[in-house]
Amino acid sequence: MSDAEALIGLTKAELDTPALLVDLDLLEANIARIAATCREHGVGWRPHVKAAKSPDIARLEIAAGAIGVTCAKLGEAEVMAAAGVRDILIANQIVGALKVRRLVELLDRADVIVAVDSPANVAELGEAAAGRGRTLRVVIEVDTGMRRAGVAPGEAVVALADEIARRPGLRLAGVMGWEAHTVLLADPAEKERAVRDAVALLTSSAEACRRAGHDIRIVSCGGTGTFPYCVRQPGVTEVQVGGAVLSDVHYRTHYHVDFPPALTILTTVTSRPTPTRIILDAGKKAMSGDAALPQPLGLGPVGSLRLSAEHATVELASPSEPPRVGERVELVVGYSDTTVHLHERLLGVRGGMVEAVWPVSARGKLA
């Protein structure tokens, strides 16, 4: 019996810690909700995998109706392709001879799409794909207000589309953008207006390309922080909502989304130096605190939480005898994107018992 198989059927109390847990009931409900909302609005769902980094979760999403996956990195796309995922968008620019060669080789195993925003990169990709007798699908990244990568909306998008059309190794599939500058807005009406205005820059750029004779089939945008507003915008063909399936403190507190958190860290109390202080066996190497601190469950009012390399220090708002040394404390993950990759596996739990063990196969895939 493998180590993973030996975990199946264990209760939380029997697990070694720290352990990264996924509540399967909540995960499945979050997946079903996104899939149903996308179907309702006639929009494809291409979930981002940069948080979960798990082909097993990707398979659940595809089984629920997802059309493929979105990756941040080429290495993630290679892992997904090796697991049998066929339709993959790399929502990033792939630059340089080493990566471009890997990208073109990936076409042997998957139908990959990659984002572009410069003529130099278009030339590089086109020459590499044509040199191997392959055709690579590309989408033009449009800056809809995030001020990161991307071409300015309108004429610049059409000009790059014309450049792509001249490259025999490339096929223009569409446009993509990410309206990230809207995610922190708390007022729903204000947020919906901001998302609408941002996405309109993307869809109008798609229409400009169509008027110029280009076949634009993909208009891709959206993330957890703009759900469900992104799926309601006319002209959008797919959204990249991904982190919501796990959810976390950051998404709920800062992005104002209401998906219940499915991801927790199980820890053990290793020290009780004072009636208000609790020391846990998980610190920065097990859970991040960069975007939001983890949130302890079942402790009552917490005055503060501090992460060091290997410990979490919890200060209670008032003295308490429990939890005692050796007892367990579970914490909602602060930010899934910077926590999951710290672990080798996800433990799928239902009714307090381990039902699935999923390797975090894309951890460490930074290139």
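Predicted model: local features only at pLDDT ≥ 70, side-chain atom pairs only at ≥ 80, totals over all residues.

C221 is buried, its relative accessible area being 1%.

**Cysteines**

- Across the whole structure, a search finds 0 disulfides.
- C221 takes part in no disulfide; its nearest cysteine sulfur belongs to C230 and is 5.7 Å away, whereas a disulfide requires the two sulfur atoms to be within 2.5 Å.
- C71 is likewise in no disulfide, and the nearest cysteine sulfur, that of C38, lies 17 Å away.
- C71 is buried, with a relative accessible area of 0%.

**Sheet**

- An open sheet is formed by 8 strands with parallel pairing, and their order is β2-β9-β8-β7-β6-β5-β4-β3.
- The edges are taken by β2 (44-45) and β3 (69-71); each has a single partner strand, so one side of each is left without a neighbour in the sheet.
- Strands of a sheet pair through backbone hydrogen bonds, in either a parallel or an antiparallel sense.
- Within this sheet, strand β7 (residues 170-176) pairs with strand β8 (residues 218-221) in the parallel sense, over 3 bridges.
- In that pair, V175 stands opposite V219 of β8.
- C221, the buried cysteine described above, falls within the residue range of β8, 218-221.

Methods
Residues numbered from 1 in each chain as written. Heavy atoms only, no water. Pairing = 2+ DSSP bridges. Helix = DSSP H or I, 4+ residues; strand = E, 2+ residues; numbered from the N terminus. Buried < 20%, exposed > 50% of the residue type's maximum accessible area, 1.4 Å probe, protein only.
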